[in-house]
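Please read the points below against the model shown here.

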Amino acid sequence: MHPFGDLSAYLDNALSSEARASVQAHLDTCALCRTRLAELRGTARLIAALPMPMPSRSLVPRVSVPVWLAPLRTFATFATGAALFLFLASAVIAYFPRAQSASTAAAPAASQPAASFGAGGAASAGPQSGLTVTPPAPVVASDRSAAAASATPSDAAKEVTRQDSAGPSANAAEDRSRRLTPTAESAPFAFLLSPWLWLVLAIAFAALWFVIGRRLRST
Amino acid sequence: MRPEPGRASDALLDRARNGDARAFEQLALDIERPLYRHAARMLGHDDAEDVVQDALLSAWKSLATFEGTSFRAWVFRIVTNRALDRLRSRKRRPELPLDPPSESDDSVSWAEPVAPGPELADLAADREALRVVEDALATIPADQRAALLLRDVEGFAYDEIAIITSTEIGTVKSRIHRGRVAVRNVLISRGWKGSSG
């Protein structure tokens, strides 16, 4: 009887000495079993010669680095992105309010000379009030109340005209002061609107991310 | 079996057991590619990477409980078990049983050559032959594939494979023989023949 079932173990030198001697004795007399053994040997060699597949990444866990380092890198990644976003956002905010205030300030200044010319005898006050776009509202209001207290009738008529002519500029100043008020209230946090702050933070977080990444890659 | 790298490896193992993470990483680096090779041929590329990474992390966590002398065989055991578990859970109805019904190894069918062809021993450099071998390996039961790869590729002895696959040495002998004959049959059916030497 052919010892087919033992041929692989014989090939692998995994038989007991008695079994091996028995198979060897049979092989000496059986060409078929020698052929089978050669086929199995060739098969084993082919299996051993298969090309070595390569992993696409390192599979060794970096157990020598602190466990918090990987989460910290993740944090640094997101923080870098967030800081970059805030940098862009604050840069946009810092640019557009300036353009907006410039346009609102230009509008009363342009309308003012026409109103002053309509005041006639108050020509000297006209250009002055036309130029008083920037003074804050309280100053204008106190001027107005002082003038009203000591005004002659003719002066009062002029004053009414002045008030009318000064109206747009005063309103503009009040608008500006109203606009400025919230900014003045949030002054302690105004630095948050600085693009430079976020740019510096973005660079700092990116540097942190880079350093941690190198540490994680090293073994 | 291929010998362990030697005393340097033993020293690394001692240091790793004592909590030296860098020593463990060096040990793992030495067997990373063979582990991946084994897992990839058991599972395919994507799952193999996950299995090897998880197995190495598990090995690090349980290194204190490892009492054997062969770190390589121990990690191969973890990888093989995880690969077989994943294969079992991959399909509710496996195309091939992990362990086919038992029959005598002497009754394993041997395909006959259909036509004269090149000798198997001369085909190690033939890409076509190697592709046929890879395809054939993919069609045999996973338990046979694991045992055959551990023997023919990784060079483990039968008793080591018995420990790695948590089975009897007689079962290892049977799996290797059946798997090898199955691959041989595929090659023979493709027109190749073995030398009679």
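1. Chain A has eight helices and zero strands, giving the pattern α-α-α-α-α-α-α-α along the sequence. Helices (H or I, at least four residues) and strands (E, at least two) are DSSP runs, numbered from the N terminus.

2. This is a predicted model, in which local features need pLDDT of at least 70 and side-chain atom pairs count only at pLDDT 80 or more, while totals for chains, interfaces and linings use all residues. Residues are numbered from 1 along each chain as its sequence is written, and chains are lettered from A and ligands numbered from 1 in the order in which they are written.

3. The model scores ipTM 0.85 and pTM 0.63. Chain B has a mean pLDDT (the predictor's confidence in each residue, from 0 to 100) of 84, and 79% of its residues reach 70 or more. Within chain B, confidence is lowest in helix 1 (residues 7-17), at a mean of 84, and highest in helix 6 (residues 142-152), at 96. Where pLDDT is low, the predicted coordinates should not be read in detail.

4. Chain A has 219 residues, of which 23% count as buried. A residue is buried if 20 or more other C-beta atoms lie within 10 Å of its own, exposed if 12 or fewer, and partly exposed in between, with C-beta atoms placed from the backbone. Of the contacts in chain A between residues at least 6 apart in sequence, 78% join residues at least 24 apart; contact requires C-beta atoms, placed from the backbone, within 7 Å.

5. The contact between the chains takes 34 residues from chain A and 47 residues from chain B. On the chain B side, helix 2 gives the most, with 11 residues. By class, that side has 25 nonpolar, seven polar and 15 charged residues (Ala, Val, Leu, Ile, Met, Phe, Trp, Tyr, Cys and Pro count as nonpolar, Asp, Glu, Lys and Arg as charged, and the others, Gly among them, as polar).

6. Ile164(B), in helix 7 (residues 158-164) of chain B, is buried because it has 25 C-beta neighbours inside 10 Å. Residues that Ile164(B) touches beyond four places away in sequence include Ala73(B), Phe76(B) and Leu150(B). Arg77(B) is 87 residues from Ile164(B) in sequence, yet their C-alpha atoms are 4.2 Å apart.

7. Asn13(A) has a positive phi of about 60° and sits in the loop between helix 1 (7-11) and helix 2 (17-29) of chain A. Ser166(B) has a positive phi of about 55° and lies in the loop between helix 7 and helix 8 of chain B. Ser166(B) counts as exposed because it has 11 C-beta neighbours inside 10 Å.

Note on methods: Contact = placed C-beta atoms within 7 Å.
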